[in-house]
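Please look through the sequence and the structure shown below.

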Amino acid sequence: MARLFTAGLTLSIPLVLARVLHLDEYGTYYQLFLVATTLYYVLPFGVVQSLYYFLPRTQEKRPFVGQTLLFMSGAGLVGAALIWGLLDHVAAWFSNPALLEHRGTLAAYTAFLIGSFPLEVSLTAQGRTRASAAVYLVSDALRACVMVVPPLLGAPLHGLMVAVAVFAALRYGATWLVSLRGVTGPLVRGALFREQLAYSAPFGAAMLLAVPQQNAHLYMVAGAVAPAMYAMYRVGCFQLPVVDLLYTPTSEVLMVRLGELEREGRLEEGVEAFRDAAGRLAYVFLPFAAFLFAAAPEFIGALFGEKFLPAVPVFRVSVLGVVLSILPMDGTLRARGLTRAIFVSYAVKAGVTVPLVVLGVRHLGLMGGIGSWAVAEVVGKLLLLIRLPAALSTPERPLGLLDILPWPALGRASLAAGAAGAAVFVLRTGAEGAWGHLPAGFLWRVLPLAVAGVLFVVGYVGVLYAAGVRPLAVLAGLRPRRAV
């Protein structure tokens, strides 16, 4: 619930900044945070996530927390040094010398942000979930405030960067105070630290491939177009956090269920558990993607303003990411111990992305950038899908690809989503003249999106009911349940 609330806060940041910053400044803002977030996900090398494994299994928690804090502090300094030394080259690649005006604040923000990465994870891994939820709420609320209040008061982008650097420094100090509270033992144990690094290395290596691959199209487009056009591209890549909020808990519950079935000697039931989870996600993600595709002009216009309507074609391609999240394949493979297949998928995606993104952006511009991302994502998902039948098979029950997919759910959800999406296209054609004469103001700007949303929901639910599906029962099945 805390993450759901903070996702709403995080969602508000780019929407507000899109209206108060000049288009060039908005593009520069996205480029600055692209650099910072890339380092934030790569440099931790999986050490923070290792706390989920080690802390529940030890009585002496302080060494693992202390080692992680020290490691992340060092990683933050490395990140700051990389920004300080390489930002000239990045600015030249992006053809945006304005980045250099923020060298110091970006370096400080990155160092403190990486150093404070363990805050919520250390609390959650110790079972202090209420404290972790409170930290999520307070931290993300403060971050949203410091990012939107200075620009709303008329401060330029430099004021925003100073504010977030100060916020990150305060968060870093809070991380040391809160994470070590109540844990016992020395701050560091060499043997335990080596064990922690050995556990973290595979995940860290995967992130070294996955994060640059995911961001390659963003860097390539940033190097090929002006900051204002890059801002347009980033709006096109914008996604609501619905996928993360539903996919992650569904995948985690499926992993628990597969583990229980394995412990009980009922491996053959794993395919039913997978089909059930994927089918429920299909009933949510397929209509969500169909609505975003059909109502893309209304969606972009309502959230970001009419000046960003040229981003609609890019946005419609980026919606493919929602569709590709229907099958919880990575969780299934991890539950079966087939993590090598996930690493191979990352490696192949990285190899495919480089030539695609270079040629795509060079010859097709923005559509080439998002198109290269889409092709690489499809390739990666297909590689995981190929390994899925073996992961769910047993010696007594070998399975093929056709055996593991939830065909009834996919068919009904596709039919209902397609019909509802077509209704939105018809609505736009019939009401285009009327929408053009609406008064100015946020509520009037949102009206077309609201009408399209109501029409889509009514059409989708109506078709599902006609097909014998009860949507409320599907949504109830998506709630995470504690294993008994």
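## Aromatic pairs and helix packing

The structure holds 22 aromatic pairs, where rings of Phe, Tyr and Trp (its six-membered ring) pair if their centres lie within 6.5 Å, and planes under 30 degrees apart count as stacked, over 60 as edge-to-face and the rest as tilted. This is a predicted model, in which local features need pLDDT of at least 70 and side-chain atom pairs count only at pLDDT 80 or more, while totals for chains, interfaces and linings use all residues. Residues are numbered from 1 along each chain as its sequence is written, and side-chain values use heavy atoms, with hydrogens and water left out.

Two of the pairs are set out here.

| Pair | Centre to centre | Between the planes | Kind |
|---|---|---|---|
| Phenylalanine 33 and tyrosine 109 | 5.4 Å | 65° | edge-to-face |
| Phenylalanine 299 and phenylalanine 315 | 5.2 Å | 15° | stacked |

Because phenylalanine 33 lies in helix H2 and tyrosine 109 in helix H5 (residues 103–115), their pair ties together parts that are 76 residues apart in sequence; helices here are DSSP runs (H or I, at least four residues), numbered from the N terminus. Both phenylalanine 33 and tyrosine 109 are buried, a term that means under 20% relative accessible area, with exposed over 50% and partly exposed in between (1.4 Å probe, protein chains only).

Phenylalanine 299 belongs to helix H13 and phenylalanine 315 to helix H14 (residues 312–318), so this pair ties together parts that are 16 residues apart in sequence. Phenylalanine 299 counts as buried at 4% relative accessibility, and phenylalanine 315 counts as buried at 1%. Ring pairs also link a cluster whose members include Tyr26, Phe33, Tyr109, Phe299 and Phe315.

How many of the 9 residues of helix H13 are buried? In H13 (residues 296–304) the number is 8 of the 9, so the helix is largely enclosed by the rest of the structure. Just after H13, glycine 305 takes a positive phi of about 105°.

Helix H2 (residues 23–42) packs with helix H8 (residues 157–179) at an angle of about 30°, their axes being 11 Å apart; axes are lines fitted to C-alpha atoms, for helices over the stretch in contact, and angles run from 0 to 180 degrees between N-to-C directions. That angle makes H2 roughly parallel to H8, the class for angles under 35 degrees, with over 145 roughly antiparallel, 65 to 115 roughly perpendicular and the rest oblique. The contact (heavy atoms within 4.5 Å) is made by Glu25, Thr28, Tyr29, Leu32 and Phe33 of H2 and by Leu157, Leu160, Met161 and Val164 of H8.

Notes: Helices (H or I, at least four residues) and strands (E, at least two) are DSSP runs, numbered from the N terminus.
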